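Please open the structure in a viewer and keep the selection panel at hand. The stops below are given in the order in which they may be selected.

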Amino acid sequence: MNYGKKVLVLSQVGEGFSLAQKRLSAILRIESDGGVTTLYLSAINFKPVSEGKFILSVMDKKKKLYTFSLGKRPSSLTREFDFPRDITEGFAAGISFVSEGIPTLAAFSDCDGFKIDKSDFKKAVNAK
């Protein structure tokens, strides 16, 4: 059985989404074990919104985008999902605020093995 794990720290890239002028961030861990892939997210210092919602977008090395709803205040998320089993090749992730169908990137990171420009990641999220 193959086991793989990648951890990303998503850093703030957009203004206006954090609590009390603090920097927002998130820790994203993706583990694959025996064909089951599980995502673990801990979001830090995101302020709640009354309208709209936050989403987590994860892009694999083939540029396929996986999207998860985080609701009105991101805090934590655990999900099993259909992600390529060899996550050691890398991925990118971002948390966006979506209002009236338009996403605004709030936090982003990519990892060794898969580098993508933040603007290209935004375009992919906007196109979905």
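Select Asp110 and Lys115, whose side chains meet in a salt bridge at 3.5 Å, N to O; the term denotes a side-chain nitrogen of Lys or Arg within 4 Å of a carboxyl oxygen of Asp or Glu. This is a predicted model, in which local features need pLDDT of at least 70 and side-chain atom pairs count only at pLDDT 80 or more, while totals for chains, interfaces and linings use all residues. Residues are numbered from 1 along each chain as its sequence is written, and side-chain values use heavy atoms, with hydrogens and water left out.

Asp110 is buried, with a relative accessible area of 18%, whereas Lys115 is exposed at 57%. Buried means under 20% relative accessible area, exposed over 50%, and partly exposed in between (1.4 Å probe, protein chains only). Asp112 counts as exposed because its relative accessibility is 60%.

The structure holds three salt bridges. Another pair to select is Arg29 and Glu31, with the closest N and O atoms 2.6 Å apart. Arg29 is partly exposed at 29% relative accessibility, and Glu31 is buried at 17%.

How many residues has the largest nonpolar core? It has 29, and those with the most contacts inside it are Leu28, Ile30, Leu39, Leu41, Leu56, Val58 and Ile95. Such a core is a set of buried Ala, Val, Leu, Ile, Met, Phe, Trp, Tyr and Cys residues joined through side-chain atoms within 4.5 Å. Strand 7 (91–99) is among the elements that give two or more residues to this core, and the largest share, four residues, comes from strand 7. Strands (E, at least two residues) are DSSP runs, numbered from the N terminus.

Apart from this core lies another, of 11 residues, including Ile55, Leu65, Val98 and Ile116.

Finally, select Ser18, in the loop between strand 1 (3–12) and strand 2 (25–33). Ser18 counts as buried because its relative accessibility is 16%. The side chain of Ser18 reaches the backbone oxygen of Lys22 at 2.6 Å. Beyond its neighbours within four places in sequence, Ser18 is in contact (heavy atoms within 4.5 Å) with Gln12, Arg23, Leu24, Asn45 and Lys47.

Key:
Polar contact = N/O pair within 3.5 Å; in protein donor to acceptor, adjacent residues only side chain to side chain.
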